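Walk through this structure with me. We start with a helix, move to a loop, and end with a group of aromatic rings.

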Amino acid sequence: MTHPTPDPEPAAAAAEGRTVLLRGGEVHSPADPFATAMVVERGTIAWVGSEGAADSFADGVDEVIQLDGALVTPAFTDAHVHTTATGLALTGLDLSDARTLADALTRVRAHAAARPADRILLGHGWDASRWPEGRPPSRTELDEATGGRPLYLSRADAHSAVVTTALLDLVLDVTGLSGYRPDAPLTAAAHHAVRAAAHASVTATQRTDAQRAALARAASFGIGSVHECAGPDISSEDDLTGLLRLAAEEPGPRVHGYWAEAASSVADLDKVRALGAIGAAGDLFADGALGSHTACLHQPYADAPHTGTAYLDRAAVAAHVTACTEAGVQGGFHAIGDAAVTAVVEGVRAAADKVGLGRVRAARHRVEHAEMLTPETIAAFAELGLTASVQPAFDAAWGGEQGMYAQRLGPERARTLNPYAALLRAGVPLALGSDSPVTPLDPWGTVRAAAFHRTPEHRISVRAAFTAHTRGGWRAIGRDDGGVLVPGAPADYAIWRTGELVVQVPDTRVAGWSTDPRSGTPGLPDLTPGGQLPVCVRTVVSGRTVHLRPDE
């Protein structure tokens, strides 16, 4: 790809005011399935069309980008991110690829030795279900590995953690909180208390550096927007306001913040507005997670004699949705287990009975994760206008006959999880995300995971998954004008180096892919598992370049 040497980076307003012609590539646009060129003017898509017609624009633009056959798509939206935690994982101790318990402990020792000045050591990502030892590190092992220093080490799903004795000593009365066990991962209130203590040790500078690193990583993967899922049980008010301020002041992806604090009246939502959040949604926990045995189930776990943890009941859900709807604020919940999903559906329906179904549907309330669904709850999502904010990489990581889901639920229940095809058939809006750092920022990998779901009946087409990861994210925040390259849309786009474009579908009864241009369907990269994913060359947000791959 070639382009003129750019001038020094102008101010944001000047960058958005430039007129740019992109030509000589493949532009993924419903406005013209054969488009090879695009014009961006004042931060907006001005024109999409053919190479021949592009000649008429060439002399009147500020910059011409020769695509050299590259693919241009809308920038991705990651609809569920924890930005600071992602940055801390990028810059700190990440155990997501630790292969054994012994490997994890070796990394803890090395991290502790390398960070002698840290008051509290932070780490993330362990998953004992993948280790041959089949168990997490004990407190005694962690005390030894850290030399007796405070350590907070969250599980991959971020709903439980193992900690050292020194960290417990910093948290008043932690042994009396729910979820505390003497030598087992902490969950529920005990986990929230130690997490708050650990995160309080992060300085403002460390936090900003982590946020900046996470947003830069997102931009390098062609992500133009993230939905930050903040709240009192998972981050802090300063964390959210600092992130929103950073995003406003520096080039990078758009950040749309959610604050997950339950409301029982319209007045309770004043904080949401004061913080600059766009909704009282995200990780407002109705339950926990399957890996930590805290997702709330109708029937007991296959590998534990209980049904998990319920944090919200039907009445609390109804009160929150009623308050949000009356205030004109988007509401939402985290719900993974089938009992939690039932509580959310019943609560939203009760709110609709009170304030009117039309008002509830218009608010576009959302449910994060929504993994254990039934035909009845899927139909309720459609009826109530709920958006399902889902993470296909969860299935790639933990699905399948031998995966963690099968360990927790048994194979039969595990096969029902994450039914994306059924959701789409019912007309439920989907928005795709990563829940980073639970799974990595990796949008094409996310699309691949949805299209090649471990349970074939839940697969959706690459095109449907791509749409849910681009336009779906904009619709999830109540905007219908973004996530698509058509005139008038925001100029949020990414340029990719990739192979041949195809049309892939999940139904084995028809051709699995096609390159026939006569179909009139814009092609997308071949995401067959094992193949190379597209490489992001440039990411642009509102007409402003926020990522440019080195040597391009």
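The expected span of a helix is 1.5 Å times one less than its number of residues. Keep that rule in hand for helix H12. The model here is a predicted one.

Helix H12 covers residues 338-355, which makes 18 residues. By the rule, H12 should span 26 Å. The C-alpha atoms at its ends are 26 Å apart, so expectation and model agree. How many residues of H12 are buried? The count is 14 of 18, so the helix is mostly covered, with buried meaning under 20% relative accessible area.

Next, go to Leu297. This residue sits in a loop, between strand S14 (279-280) and helix H11 (314-327). Is Leu297 buried or exposed? Its relative accessible area is 4%. Buried means under 20%, so Leu297 is buried. Which residues does Leu297 touch, leaving aside those up to four places away in sequence? The contacts are Leu290, Thr307, Gly337, Asp338, Ala339, Met372, Leu409 and Arg413. Two of these, Asp338 and Ala339, fall within the residue range of H12, 338-355. Val202 gives a sense of distance. Leu297 and Val202 are 95 residues apart in sequence. In space, their C-alpha atoms are 35 Å apart.

Now turn to the aromatic rings. The whole structure holds nine aromatic pairs. One of them joins Phe76 and Trp444. Their ring centres are 5.1 Å apart, and their planes meet at 85°. Planes over 60 degrees apart count as edge-to-face, so this pair is edge-to-face. The pair links distant parts of the chain. Phe76 lies in strand S7 (residues 76-81), and Trp444 lies in helix H19 (residues 443-451). The two are 368 residues apart.

Both partners are covered. Phe76 has 0% relative accessibility, so it counts as buried. Trp444 is buried too, with a relative accessible area of 2%.

Phe76 also pairs with Phe466. This pair is edge-to-face as well, at 5.6 Å centre to centre and 80° between the planes. Again, distant parts of the chain are linked: Phe76 in strand S7 and Phe466 in helix H20 (residues 462-469). Here the separation is 390 residues. Phe466 counts as buried, at 2% relative accessibility.

What cluster do the ring pairs make? They link Phe76, Trp444, Phe466 and Trp496.

Note on methods: Residues are numbered from 1 along each chain as its sequence is written. This is a predicted model: local features need pLDDT of at least 70, side-chain atom pairs count only at pLDDT 80 or more; totals for chains, interfaces and linings use all residues. Side-chain values use heavy atoms; hydrogens and water are left out. Helices (H or I, at least four residues) and strands (E, at least two) are DSSP runs, numbered from the N terminus. Buried means under 20% relative accessible area, exposed over 50%, partly exposed in between (1.4 Å probe, protein chains only). Contact means heavy atoms within 4.5 Å. Rings of Phe, Tyr and Trp (its six-membered ring) pair if their centres lie within 6.5 Å; planes under 30 degrees apart count as stacked, over 60 as edge-to-face and the rest as tilted.
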